[in-house]
Amino acid sequence: MSAPMPFLLQVENLGKYYPLRGGFFNRPIGVIKAVDGVSFAIREGSSFGLVGESGSGKSTIARCLLRLEEPSFGRIIFEGADLLKLPAEELRRRRADMQIVFQDPFASLNPRLTVRDIIGEPLVIHTPLRGEALSARVVELLEMVGLGRQYLYRFPHEFSGGQRQRIGIARAIALNPKLIILDEPTSALDVSVQAQILNLLDELQRRLRLTYLFISHDLGVIRYICDRVALIYRGKIVEEDETERIFTAPTAEYTRTLLAAMPIPDPDYSPYRS
Amino acid sequence: MTATSAVTSMGPLAHWRERNQSRFENWRRGFYRFRQSTLSLVGLGITLFIFLVAVTGPLWVPYPEDAAGAVHVKERFQPPTLAHPFGTDELGRDIFTLVVIGARVSLAVGVIVLLSAVTIGVLLGAIAGFFGGLVNEVIMRLTDIFLTVPSLILAIAVAAALGPSVLNMMLAISLVWWPGYCRLVQAEVASRKQDLYVQAARAAGASQRRIIFTHILPNITSPIIVKASLDMGFAILTAAALGFVGVGARPPTPEWGLMFSAARSYVPQYWWYPIFPGLALFLTVFGFNLLGDGLRDVLDPRAKR
């Protein structure tokens with residue numbers, strides 16, 4: 001390997017606390033520490049995996065990075081600037097470089113908009129492209145994700161889950177972003193479709209020099225796609241290392257437990273065979 | 001670029017057809033579901049018929065001058081005949097003409113009241129639901145205050161205070177009609193706001209205006225349309241009630257509630273006088289209710305009874 005690439009995203013001591021209210025007059029009676037002092041850094045062009053069980057805080061981290069949720073404390077340094085200190089207009093422009101693909105492809109596409117309007121929305125917001133030029137760019141994006149121009153004026157309900165996720169990916173790459181946050185992009189899909197989507201993501205990463213933050217609870221998927229992995233448990237990172245080292249020589253107890261729970265994809269080891 | 005030529009190589013008509021193909025397909029399916037229920041079709045038929053009568057009425061009513069206040073004392077209280085299919089009233093006016101022209105007044109009141117009530121309700125409800133917090137509290141408590149006062153009483157009070165006229169009556173009914181829409185829209189917006197596609201738009205950097213108008217409102221039109229079509233009949237009924245108690249339309253405006261009120265003292269001898277305006281009112285409210293039920297089945301299949 002040549003010299004390491006510079007960091008694209010650095011997260012330092014990020015935290016998100018939710019007040020817990022109850023009793024008379026909704027008094028605050030405590031806090032839920034959804035994310036509690038998380039730090040990690042992602043190099044340009046790499047894939048960073050964030051693994052954890054449900055409720056461990058991985059999606060909250062994604063929402064904080066996108067500023068859909070205001071973090072309680074910490075720093076998010078993206079392309080050299082602290083996102084939490086940027087003025088609103090500057091933040092809006094930076095958003096073009098950081099996009100997200102959501103888990104549920106059935107809920108993340110507006111049912112009232114055509115594919116052209118869904119994929120074209122980031123372009124309408126951030127670029128002067130309109131009309132025919134916009135259509136042409138959307139067709140280009142559709143072809144990049146393995147769909148064709150015949151789908152331009154279709155509505156989301158006419159597509160399968162895998163196709164919808166491709167539309168979600170096309171929307172995410174529309175602005176040529178640097179970082180894409182993949183929030184469990186395959187966990188709502190059939191296994192065969194999962195593989196297709198993972199291959200597509202892999203191909204797009206190489207073609208567009210994308211950096212991925214891949215959030216998942218599926219260790220097999222993480223191992224396939226990520227260079228580095230962080231394991232998160234109850235809002236804290238318990239272990240972070242290169243993917244192969246995590247899988248071959250885990251140090252934290254939690255990591256070992258997770259790996260032990262992984263199914264072995266070999267029929268000879270199946271408990272259903274004698 | 002190949003993609004550009006692929007888009008522009010078609011003729012404008014073919015392009016238009018391609019762009020809207022999926023939309024037509026959606027409508028076709030919606031109409032199919034609507035057609036499954038005979039009652040919805042009857043409702044649609046009645047409603048279309050009444051609109052047609054209201055729009056074209058002045059062109060073919062037998063005695064157009066009667067609707068403008070003409071008086072023929074010699075012909076008062078004629079029973080229904082070929083010349084006067086619904087009979088005549090105490091001033092010798094043709095009741096058929098009055099009922100037909102009255103449809104214009106009633107429909108105009110219904111449409112205008114609903115347009116203004118929906119506009120006010122959607123605007124306030126969307127603001128309350130989207131921004132939440134203190135704004136929400138202020139708007140929703142105001143709405144609650146309006147909802148605690150019986151709407152007919154409030155409408156009568158407002159109409160009486162403003163003075164009887166068709167315009168003031170519309171104003172009074174609109175004023176008591178918006179809170180229902182405000183509540184509906186507030187709840188819908190607050191829940192749509194959490195939807196993933198709205199989050200996706202926010203992540204893409206969409207403005208609040210864009211989020212409200214392209215992502216949230218288009219997704220809540222169905223319950224609004226259903227409620228409006230069901231409400232249309234009731235708004236017309238309320239207008240007739242105001243006319244009946246004398247704070248609505250003034251004579252000689254041919255208004256069904258007003259005619260019914262005037263006819264009270266002449267029954268049962270001159271039975272045709274109240275019967276025909278009453279039947280017209282019944283048919284209109286009935287038609288809109290059936291239509292509303294049918295639309296609900298098409299647009300909001302989960303809310304089926």
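This is a predicted model: local features need pLDDT of at least 70, side-chain atom pairs count only at pLDDT 80 or more; totals for chains, interfaces and linings use all residues.
**View 1. The contact between chain A and chain B.** On one side, 34 residues of chain A take part, and on the other, 32 residues of chain B. The two chains bury about 2800 Å² between them, with 54% of this area on carbon and sulfur atoms. Within chain A, the residues that lose the most area to chain B are Arg112(A), Arg149(A) and Tyr153(A). Together these three residues make up 22% of what the chain A side buries.

**View 2. Polar and charged pairs across the interface.** Between chain A and chain B, 16 residue pairs are in polar contact. The interface of chain A and chain B also holds two salt bridges. One of the residue pairs joined by a salt bridge is Glu121(A) with Arg210(B), whose side chains meet at 2.6 Å, N to O.

**View 3. The side of chain A that touches chain B.** Three elements of chain A, namely β6 (98-101), α3 (115-126) and α4 (131-144), each supply at least two residues to the side that touches chain B. The largest share of that side comes from α4(A), with five residues. By residue type, the side of chain A that touches chain B divides into 14 nonpolar, seven polar and 13 charged residues.

View 4. Strand β1 (residues 7-22) of chain A runs antiparallel to strand β2 (residues 27-43) of chain A, and 13 bridges join the two. Among the residue pairs, Tyr17(A) has Lys33(A) in β2(A) as its bridge partner, and Tyr18(A) stands opposite Ile32(A) in β2(A). Four residues lie between β1(A) and β2(A) in this hairpin. In the turn, Gly23(A) has a positive phi of about 65°.

View 5. In chain A, four strands form an open sheet in the order β2-β1-β4-β5, with antiparallel pairing. Strands β2 and β5 (81-82) of chain A are the edge strands, and each pairs on one side only.

**View 6. Strand β9(A) and its partners β3(A) and β10(A).** Strand β3 (residues 47-51) of chain A pairs with strand β9 (residues 228-233) of chain A in the parallel sense, over four bridges. Gly49(A) has Val229(A) in β9(A) as its bridge partner. Strand β10 (residues 236-242) of chain A, in contrast, runs antiparallel to β9(A), and six bridges join these two strands. In this pairing, Leu231(A) stands opposite Glu239(A) in β10(A). β9(A) and β10(A) form a hairpin with two residues between them. Arg234(A), in the turn of this hairpin, has a positive phi of about 50°.

**View 7. Chain B and its helix α5.** Chain B has 13 helices and zero strands. The C-alpha atoms of chain B fill a box of roughly 80 × 50 × 35 Å along the principal axes. Helix α5 (residues 95-131) of chain B has 37 residues. From its first C-alpha to its last, α5(B) reaches 53 Å, close to the 54 Å expected at 1.5 Å a residue. An α-helix has 3.6 residues a turn, so residues three or four places apart point the same way. Just after α5(B), Gly132(B) takes a positive phi of about 60°.

Conventions:
Residues are numbered from 1 along each chain as its sequence is written. Chains are lettered from A and ligands numbered from 1 in the order in which they are written. Side-chain values use heavy atoms; hydrogens and water are left out. Contact means heavy atoms within 4.5 Å. Buried area is the accessible area (1.4 Å probe) that two parts lose on being put together, summed over both. A salt bridge is a side-chain nitrogen of Lys or Arg within 4 Å of a carboxyl oxygen of Asp or Glu. A polar contact is a pair of N or O atoms within 3.5 Å; within protein, one must be able to donate a hydrogen and the other to accept it, and residues adjacent in sequence count only if both atoms are side-chain atoms. Ala, Val, Leu, Ile, Met, Phe, Trp, Tyr, Cys and Pro count as nonpolar, Asp, Glu, Lys and Arg as charged, and the others, Gly among them, as polar. The expected span of a helix is 1.5 Å times one less than its number of residues. Two strands pair if DSSP finds at least two bridges between them.
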